[in-house]
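I set out these notebook entries after looking up several sites in one structure. The structure itself is placed first.

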Amino acid sequence: MAARVGSYLAQWTVFVPIIAIVALVFTWGRDLPSVVVVVAACLLGGAVLAAVHHAEVVAHRVGEPFGSLVLAVAVTIIEVALIVTLMISGGEKAQSLARDTVFAAVMITCNGLLGISLLVGALRRHVAVFNAEGTGGAFATVATIATLSLVVPSFTTSRPGPQFSPAQLAFAAVSSLALYLLFVTVQTRRHRDYFLPITSSGKVIDVEEHLDPPSGRLALASLGVLMVALIAVVGLAKGVSPSIESGVESIGLPPGVVGVVIALLVLLPETIAAVRAAARDRVQTSLNLAVGSALASIGLTIPAIAIAMIWLEGPLLLGLGGTQMVLLGLTVVVGTLTIVPGRANVLQGGVHLALLAAFLFLAASP
């Protein structure tokens, strides 16, 4: 056992996150020259790959759907910390950062992750099969929280502009957190079988048949390194964000693109993990990551931001614009039609990826 753990600790997936953390310590809060930005970006990519590896080790140990939940919650908690940090130091430009990042996360996960997962799964088996009961319930929860938190503020009249009053923000935060906790209870306890991978005939796959699960000691080590890697990912993403902001401004793109780029960087580990799961014919695991990440992102971010607003100054702009509402509504309708049958082909995957492309294009060219 000692030899196995020693060999494990010698892997690059352990060294790269540690080096990334060291780089984060020396670069935190400083203006970075171009060369350092390039190095930080390379370490960021290595930390993403390491995070995916360790998340899969933990997932294999605890099984589904707990494995998907571990990665989604871990990434989201650190994403919230990143948003709050940028809001504290961002001034007026950061008033809509939470909205832009959360909306981008919902669109990327519900169209990008979901679409590519279905596309990869369908290319492998012609038809991607998943459990519509679990995925449909999770998707309905995402649609509800997204509407309450991102659409309703554009129509309330207590405050000018697309923002909640303190009481309305508190209600949205409590509702989001309550629905997320209810989802976790359903996913992990009462109806766990709804979120397990299934075969083309509908048989639930409760265990991995080809690989022995790692030991508890190995899984705990991977969990620790996973957290280190995720901290490095988000920290380095914050370090390179000034370069992203200046680049976005220099080429004339809207400020909201910054939130899109942040969401893309933070969701890289889940994206890679979802694609790899779909390639192994575990489409349900991919959808757990996609819809679960969207739910964790919005269900945990809104309550955290609501608490942070006790100390933060200035308005919090949460309400979406007209174009964004149309894209969100279309995503909900198309996602419902995709999920209800429990089977999808390359067409459904392509439609969701087309919606993601439309979102990215309109974010850059509103």
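Which residues make a nonpolar surface patch of about 400 Å²? I find that Ile18, Val22, Val25 and Phe26 make this patch.

I record the basis of the work here: the model is predicted, so local features need pLDDT of at least 70 and side-chain atom pairs count only at pLDDT 80 or more, while totals for chains, interfaces and linings use all residues. Residues are numbered from 1 along each chain as its sequence is written, and side-chain values use heavy atoms, with hydrogens and water left out.

Accessible areas come from the Shrake-Rupley method with a 1.4 Å probe. I located Phe26 in helix H2, residues 12–27; helices are DSSP runs (H or I) of at least four residues. Phe26 counts as exposed because its relative accessibility is 55%, where exposed means over 50% and buried under 20%.

**Entry on Asn111.** I looked up Asn111 in helix H5, residues 97–125. Asn111 is at 0% relative accessibility and therefore counts as buried. Its side chain forms polar contacts (N or O atoms within 3.5 Å, one able to donate a hydrogen and the other to accept it) with the side chains of Thr331 at 3.0 Å and His352 at 3.1 Å.

**Entry on Asp281.** I found Asp281 in the loop between helix H10 (268–279) and helix H11 (283–308). Asp281 is buried, with a relative accessible area of 18%. Its phi is near 65°, a positive value in a residue other than glycine. Most residues other than glycine have a negative phi.

Methods. Helix = DSSP H or I, 4+ residues; strand = E, 2+ residues; numbered from the N terminus. Buried < 20%, exposed > 50% of the residue type's maximum accessible area, 1.4 Å probe, protein only. Patch = residues over 30% accessible without salt bridge, like charges linked within 9 Å, V, L, I, M, F, W, Y side chains within 5 Å. Salt bridge = Lys/Arg side-chain N within 4 Å of Asp/Glu carboxyl O.
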